[in-house]
Amino acid sequence: MTRSYHQIESFLKRTGGTAEEEGNVNYHDFKILVVGAGGLGCEVLKALAMVGFQNLTIIDMDTIEYSNLNRQFLFRKKDVGRPKSEVAAEFVMKKVPGCKITHVVGRLEDQPLSFYKSFKLVISGLDNLGARRWTSSTLCSLVETKNGEINPNTIIPLIDGGTEGFQGHVMVIVPKVGPCLDCIISLFPPQKTFPMCTIASQPRLPEHCIAWASQIAWENPTINTEFPHGTKVDADNPAHVQWVYEHALQRAEEKNISGVTYRLTLGVIKNIMPAIASTNSLIAAQTANEAFKYATGCANNLDNYLVYYGKDGINTSVESLEKKKGCLVCDMQTMSKSIPATFTLQQLVDEISDDPELQVSNPSIGLESGQIIFVSRGPLKEQTEKNLGLELPQLGVKEGEELIINSPAISSPIFLKIHYEY
Ligand SMILES: [Zn+2]
């Protein structure tokens with residue numbers, strides 16, 4: 001049995017009254033990619049299917065954990081251990097006849113650009129800024145220009161959803177035409193909150209290791225023999241922070257993750273927040289509405305950033321954010337940075353991670369000559385780590401040198417011009 005959408009279709013065909021235009025009723029085959037099959041991604045997938053999109057793809061690298069079941073409602077106990085994207089696709093296809101969902105199990109970065117090019121629209125329902133930023137920068141890189149004119153056929157919009165506790169946002173990104181995520185990156189404080197399942201079993205970021213140390217190891221009396229059981233981690237107690245830092249570092253080494261610093265530890269401890277299922281539903285519903293408006297043309301899209309605050313009463317507002325001149329992703333220019341000439345490479349690495357305009361962690365850094373001075377992961381890590389203690393001039397970084405910085409966070413390199421303060 002194929003689901004009937006005649007009510008939606010009569011809505012799209014309406015004329016008169018306040019309706020300005022007829023919408024396109026042939027939107028069912030509009031090809032959409034949903035990025036992420038966690039709490040938010042599952043809601044997005046369901047909402048899209050319910051509104052009549054029948055040509056969907058969902059990508060996620062994770063498998064289902066027992067701890068997901070409380071809020072990732074497409075998963076059952078029997079699904080634990082199976083890929084999230086596969087189970088989510090199966091479930092929604094069963095509930096919504098006629099809807100075809102392709103699932104991909106894997107990392108975003110491992111898909112070829114031709115994969116992303118094959119969609120008309122991408123929706124991100126991800127739990128971390130890094131992957132959302134990567135998605136946004138990849139879609140920006142797909143836009144082709146000729147004689148300074150954008151080729152509109154190469155534009156694939158991104159509807160970016162995000163939630164944190166009672167708070168959420170939806171942003172409609174039209175790459176190179178409007179602001180991208182990097183244009184507004186300074187609005188997002190470096191993210192310090194993570195789902196418990198990631199912390200417990202699938203750490204990928206230094207922050208995950210710190211959250212593990214401060215939440216799981218700290219509560220475990222066989223690991224934490226130093227402080228009495230029941231003591232809360234106190235961010236203002238240096239002995240507590242030091243304990244968490246040391247255990248996070250140890251876990252990071254075991255998992256081959258770099259970037260755990262004392263400062264980052266302090267940031268993570270100060271800000272721990274749970275995911276709330278109903279906030280996910282609200283934000284997912286709005287992303288699906290934006291997709292529906294875009295695919296049918298029945299109404300104007302959000303321009304361009306909606307914020308939802310549910311913590312003190314309810315508040316939503318829409319802001320029309322602007323493209324940032326010189327954005328490192330969509331308006332490719334070199335960024336300049338003034339630093340003391342006595343700065344070590346480690347201090348530079350910390351600086352670019354903490355800088356609200358950059359927020360680049362796990363970088364690899366090269367000189368104009370092409371010489372690589374630091375790589376935070378992989379086989380070159382060990383070889384270049386000894387450079388961290390050296391001052392930049394000792395490494396051959398000259399006044400006005402343009403460093404080439406690559407990071408898993410964005411799909412194209414950042415050029416950072418170094419000026420020394422004397
Ligand atoms: Zn931008």
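Reader: What makes the crossing of α7 and α9 right-handed?

Author: Keep in mind that this is a predicted model. The handedness goes by which way the near helix is turned from the far one by less than a right angle, and clockwise counts as right-handed. In this model α7 passes α9 in a right-handed crossing. The angle between helix α7 (residues 206-219) and helix α9 (residues 262-269) is about 60°, and their axes are 9 Å apart.

Reader: Which residues make that contact?

Author: On the α7 side they are Pro-206, Glu-207, Ile-210, Ala-211 and Ser-214, and α9 brings Leu-264, Thr-265, Val-268 and Ile-269. By class, that gives 6 nonpolar, 2 polar and 1 charged.

Reader: Why is the pair Lys-46 and Glu-43 called a salt bridge?

Author: The rule wants a side-chain nitrogen of Lys or Arg within 4 Å of a carboxyl oxygen of Asp or Glu. For Lys-46 and Glu-43 the N to O distance is 3.3 Å, so the pair passes the cut-off. The two sit 3 residues apart in helix α2 (residues 39-50), which means about one helical turn separates them. The structure holds 18 salt bridges.

Reader: How many of these span the interface of domain 1 and domain 3?

Author: The rule finds 0 there. The domain assignment has domain 1 as 6-189 + 276-319 and domain 3 as 335-421, with domain 2 at 196-269.

Reader: How do you know that domain 1 and domain 3 touch, with 34 Å between their centres?

Author: That 34 Å is taken between centres over C-alpha atoms, while contact means heavy atoms within 4.5 Å. By that test, 12 residues of domain 1 are in contact with 9 residues of domain 3. The pair buries about 820 Å², with 42% of that on carbon and sulfur atoms. From domain 1, Arg-133, Trp-134 and Ser-186 supply 49% of the area it buries against domain 3, more than any other three residues.

Reader: What makes Asn-256 worth a look?

Author: Most residues other than glycine have a negative phi. Asn-256 is not a glycine, yet its phi is positive, about 60°. Asn-256 sits in the loop between α8 (238-254) and α9.

Reader: And what kind of peptide bond joins Asp-303 and Asn-304?

Author: A cis one, with omega about -10°. Most peptide bonds are trans. As for where this is, Asn-304 is in the loop between α10 (277-296) and β9 (305-309).

Notes. Residues numbered from 1 in each chain as written. Predicted model: local features only at pLDDT ≥ 70, side-chain atom pairs only at ≥ 80, totals over all residues. Heavy atoms only, no water. Axes fitted to C-alpha atoms, helices over the stretch in contact; angles between N-to-C directions. Helix = DSSP H or I, 4+ residues; strand = E, 2+ residues; numbered from the N terminus. Nonpolar A, V, L, I, M, F, W, Y, C, P; charged D, E, K, R; others polar. Domains from an automatic or database assignment. Buried area = accessible area lost by both parts, 1.4 Å probe.
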